[in-house]
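Reader: I have a new structure open and would like to learn how to read it. Where do we start?

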Amino acid sequence: MKVSAEKADNQKMILTIEVPAEELTKAMTTACKQLSNRVNIPGFRKGHVPEQILIRNIGERAVLDEAFDIIAQKSFDEALIEQKIEPVDRPQIEVVTLEKGKDVVFKATLTPKPEVTLGEYKGLKIDLEVKDVTDEQVDEQIENIRKHHAKMVDAPEGSAVEKDNFVTLDFLGKVDDKPFQGGEAKDYPLQVGSGHFIEGFEDQLIGMKVGEEKDVKVKFPEEYHEKSLAGKDAIFHCKINSIKVQQLPELDDAFAAKATSYKTVNEMKKGLRENLAKSAQMQAETDRRNKALDTICASAKVDIPEVMIENRINGMINELAASLESNGMSMDQYLQYSKKSIDELRKAYREEAAKTVKIDLVLEAVAKAEDLRVENKEIDAEVAMMAMRYGSTPKEIAKVIKKNGYFTHLLATVGRKKAAQFIMDNLQK
């Protein structure tokens, strides 16, 4: 087999691959056996059609095409190894010569993984900045616990709607003095200030009392998902049916014992402060790691192919879709709720995608420069972590990885983590 490589436009490369004619002859024999199991020829059982009879019925071109499929992937993989190329996209195949008795010649256009020129990545000085826990943070944690155990009670008679109150209301919306679909509801529950309604709607409810009616004037956003309403002025006739407020439990030892694992308020405050301190330490370590990676990436030089960024965006959107599905929401529903198109979502993800691609490439370059090898025990540890994350067993996760061909991806992930740890271990003390 002969292989030649040449650079093309847009960071692509063209491999010209020549396979000896004898390899095509062998592949044609195999192709005939495969095809004879799939075609029906009168007078012959499937899998028992003589080669010449098969060719006479389906044509030599069909056999040649099948033979090409057999030898192309194998020879392409061998060419990548010979040229030491790792592609980041699927190749575009162009057949140049495919004739019986002649060498097979085809071209594969692909995008190779780019080379990274590393800057300084050892001995960096990145300070660990741990923020002190404040009394306000502890108080906020306590208030959150109290709110979690709060009761909803009717506001005192004569009370007016305030921000954060929970109300039920009737409303009828009109555009151009005509009701529109979805613009009417009875006893609709709403927390005032939650931002669930059109901008300005909830603010105009403040000050209303139970039984009071009022026209609320708003304007639909220009980018509103319902095109017939986008940019239109609307009037909602509203009536407040009830106002409820949160009744927080008393902050005493009895509450602490009932709502937490602590026996007294003082123990609760101490425990919460310790937990906040641990979180602050972990956050500081994460920030230090991110700063180190940002510093190394800033000094590294790499020309990232567009396809790598697009692939990462695709991955991020697929992860979002899976997360939404697990919570009972479709991607279309999410886009409507967020008032974004899929193109706008891809654009919003682009900067983060480009950054993470560069970090991955830089970490892989560090691993290569330092000859960091992934050991079996490290792979086992990663599989165990994945099992904990997904509520499964390491054995089941290993089966999924093998079934879907994810081992190479797993190996790369562990390798990058090892490189990141190497960087952190080599920061200035």
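Predicted model: local features only at pLDDT ≥ 70, side-chain atom pairs only at ≥ 80, totals over all residues.

Reader: How do strands hold together in a sheet?

Author: Strands of a sheet pair through backbone hydrogen bonds, and the pairing is either parallel or antiparallel. Here β6 is joined to strand β7, residues 178–191, by eight bridges. These two strands run antiparallel.

Reader: How many residues lie between the strands in the hairpin of β6 and β7?

Author: Two residues lie between them. In this hairpin Asp176 takes a positive phi near 55 degrees.

Reader: Back to Asp170. Is this residue buried or exposed?

Author: Asp170 is buried, yet has no salt bridge. The nearest side chain of opposite charge belongs to Lys186, 4.4 Å away. A salt bridge here needs the two charged groups within 4 Å.

Reader: Which backbone nitrogen does the side chain of Asp170 reach?

Author: That of Asp187, at 2.7 Å. Setting aside neighbours within four places in sequence, Asp170 also has contacts that include His237, Cys238, Lys239 and Asn241. Ala185 is another residue in contact with Asp170.

Reader: Now a sheet. What is the order of the strands in the open sheet of four?

Author: The order is β1-β2-β4-β3, with antiparallel pairing. The edge strands are β1 (2–7) and β3 (92–97), and each pairs on one side only. On average, neighbouring strands of this sheet are turned by 20 degrees against each other, direction ignored.

Reader: Which helix packs on the sheet?

Author: Helix α3, residues 60–83. This helix touches β1, β2, β3 and β4 (104–110). The direction of α3 makes about 120 degrees with that of β2.

Reader: How many bridges join β1 to β2?

Author: Six, and the two strands run antiparallel; β2 covers residues 13–19. Within this pair, Glu6 stands opposite Ile14 in β2.

Reader: How do side chains sit along a strand?

Author: In a regular strand they alternate between the two faces of the sheet.

Reader: Why does Thr109 count as buried?

Author: Because its relative accessible area is 19%, and buried means under 20%. Beyond neighbours within four places in sequence, Thr109 is in contact with Lys12, Met13, Ile14, Arg90, Pro91 and Gln92.

How values were computed:
Residues numbered from 1 in each chain as written. Heavy atoms only, no water. Pairing = 2+ DSSP bridges. Axes fitted to C-alpha atoms, helices over the stretch in contact; angles between N-to-C directions. Contact = heavy atoms within 4.5 Å. Buried < 20%, exposed > 50% of the residue type's maximum accessible area, 1.4 Å probe, protein only. Lys, Arg positive; Asp, Glu negative; His and termini not counted. Polar contact = N/O pair within 3.5 Å; in protein donor to acceptor, adjacent residues only side chain to side chain.
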